[in-house]
Amino acid sequence: MIAAALAASTTLVPSGAVMAQDAETITAVMHSGLRVLDPIITTAHITRNHGYMIYDVLVAVDSNFEVKPQMADFAVSDDGLIYTFTLRDGLKFHNGEPVTAADAVASLKRWGERDSGGQLIFDVTASLEARDDKTITWTLTKPFKPLLDIVGKQSAVPPFIMPASVAEAPSSEAITDHTGSGPFVFVESEFEPGVSVTYQKFADYLPRGEPADWMSGGKVVNVDRVRWVTMPDAQTAINALVSGEIDYIEQAQIDLLPILQASPDIVVEVRDPLGYQTMGRMNFKHPPFDNEQIRQAALMAMGQEAVLATLIGNPKYYSLCGAIFGCGTPLASETGADTLKSGGDPAGAKKLLEQAGYDGMPVVLMQPTDVTTLTAQPIVAAQQLREAGFTVDMQAMDWQTLVTRRASQAAPADGGWNIFFTNWMVPEITSPLINPMVNGRGDDAWFGWPEDADLEALRDEFIAADTPEAQAKVAERIQAHVIKVVNYIPLGQYLTVQARRATIVDMIPSPVPVFWNIDKTE
């Protein structure tokens with residue numbers, strides 16, 4: 001059954017990738033195929049997931065968002081200027097070499113060039129050095145209280161530790177050596193980009209002694225192998241799970257849940273109560289969205305309800321939300337988001353376009369076709385933009401092609417782009433220090449590259465705020481500013497539902513899907 005269904009799908013999975021089912025192998029269908037392997041040069045969630053399989057981190061947050069030691073213990077000087085990390089014993093890379101402080105320093109420096117929060121830390125860094133093989137000393141020019149929170153964050157761009165020889169590569173170029181020290185080894189010989197990826201248990205990995213809790217604690221691996229296979233057709237994946245030919249679906253399609261819920265062999269569950277925010281991001285470098293008034297017209301044209309209803313369907317799993325830091329979080333504010341929540345204002349958007357002198361220039365909108373949680377937004381948004389008077393050139397591609405293309409600063413007519421849509425887990429956007437899109441550093445900002453000195457000044461104010469109340473006030477001003485300049489367009493929140501065979505047990509209930517601790521019973 002499954003071989004025939006796969007043959008009819010747009011991306012083929014070799015039959016052996018699916019049929020090799022045993023108690024020592026977990027076969028999973030993730031939300032996207034894996035093509036980009038460097039977790040520092042992209043914020044794509046599938047690449048982040050890959051990073052957690054093969055790399056480790058110095059510190060990590062638990063389910064209470066408390067920072068805990070992972071590869072290293074840490075201490076902070078009384079004046080808040082010196083952070084000392086001490087690597088624990090027994091850390092090895094997959095090639096057998098010991099993990100050293102020099103490896104960590106090189107990895108942190110490369111990460112700091114790309115990550116929004118890391119850039120802020122390095123703005124106030126006097127030095128970052130390996131004092132000896134096990135000790136890292138990070139000295140600041142002034143206190144930066146959120147340092148551990150940023151270094152320990154679970155998503156966007158976590159600071160994965162690589163060998164120094166790998167991490168010394170320019171952060172603008174993808175690495176080609178995928179040696180890590182994490183609980184799994186990347187089996188390069190079995191990697192088929194966008195189709196299948198295999199991970200083998202790292203026999204020499206030494207887990208911490210504490211129980212696993214989100215990204216913290218002991219990463220105990222109970223299976224020999226994990227395989228991710230790509231099944232673009234949701235029905236094919238559902239059928240494969242029900243028949244036992246795969247073990248796990250990271251993001252099950254909502255309208256197909258009744259099939260899964262009817263099977264006593266399947267467990268269906270929401271992984272994270274905050275879920276995801278979906279959004280549109282525009283390119284500030286090229287017309288027409290280099291014009292603030294035209295960006296405002298695009299925001300005014302869009303309404304969240306139509307996007308979410310098409311994307312999710314069941315209102316049980318989505319909610320209107322105009323907060324750039326996510327609804328249900330301490331810094332949530334929906335200032336400026338009225339039209340988004342009320343269904344949009346195409347007449348007002350059309351008027352703004354006329355005032356801005358929009359000449360009908362085509363808007364290149366990148367449309368991913370192979371990720372169920374990203375297929376609806378471009379279609380609905382294209383219609384909303386057209387109703388407001390935009391000319392839209394919607395170009396279809398797979399998600400990994402989009403992830404690669406969005407890094408291009410070329411003009412849209414030369415292979416660049418004007419707008420695309422993506423999703424972020426709410427826990428990774430909850431403050432201006434970790435939200436990748438709340439960054440006004442031009443070429444050093446996230447894809448779209450806004451240059452916004454006012455936004456950077458507001459982020460500095462947030463860092464300097466010494467109470468939660470003071471931070472909340474600054475965050476509300478940032479919310480108003482981001483909506484005004486249309487740094488991006490928040491399009492609401494939704495929950496994802498995972499599905500697994502009942503034989504898959506002890507899966508950690510974290511927002512990031514991980515495969516340590518998990519076991520497969522007979």
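A crossing of two helices is left-handed if the near helix is turned anticlockwise from the far one by less than a right angle, and right-handed if clockwise. The views below come from a predicted model, in which local features need pLDDT of at least 70, side-chain atom pairs count only at pLDDT 80 or more, and totals for chains, interfaces and linings use all residues. Residues are numbered from 1 along each chain as its sequence is written, and side-chain values use heavy atoms, with hydrogens and water left out.

**View A. Helix 11 passes helix 14 in a right-handed crossing.** Helices here are DSSP runs (H or I, at least four residues) numbered from the N terminus. Helix 11 (residues 304-311) packs against helix 14 (residues 376-387) at an angle of about 145°, and their axes are 9 Å apart; axes are lines fitted to C-alpha atoms over the stretch in contact, and angles run from 0 to 180 degrees between N-to-C directions. Contact (heavy atoms within 4.5 Å) is made by Ala306, Val307, Thr310 and Leu311 of helix 11 with Ala376, Gln377, Val380 and Gln384 of helix 14.

**View B. A disulfide joins cysteine 321 to cysteine 327.** The S to S distance is 2.1 Å, where a disulfide is a pair of cysteine sulfur atoms within 2.5 Å. Because the torsion about the S-S bond of cysteine 321 and cysteine 327 is about 100°, this disulfide is right-handed.

**View C. Lysine 219 lies over the face of tryptophan 516.** The distance from the ring centre is 4.5 Å, and a charge sits over a ring if NZ of Lys or CZ of Arg is within 6 Å of the ring centre and within 35 degrees of the ring normal.

Terms used
Helix = DSSP H or I, 4+ residues; strand = E, 2+ residues; numbered from the N terminus.
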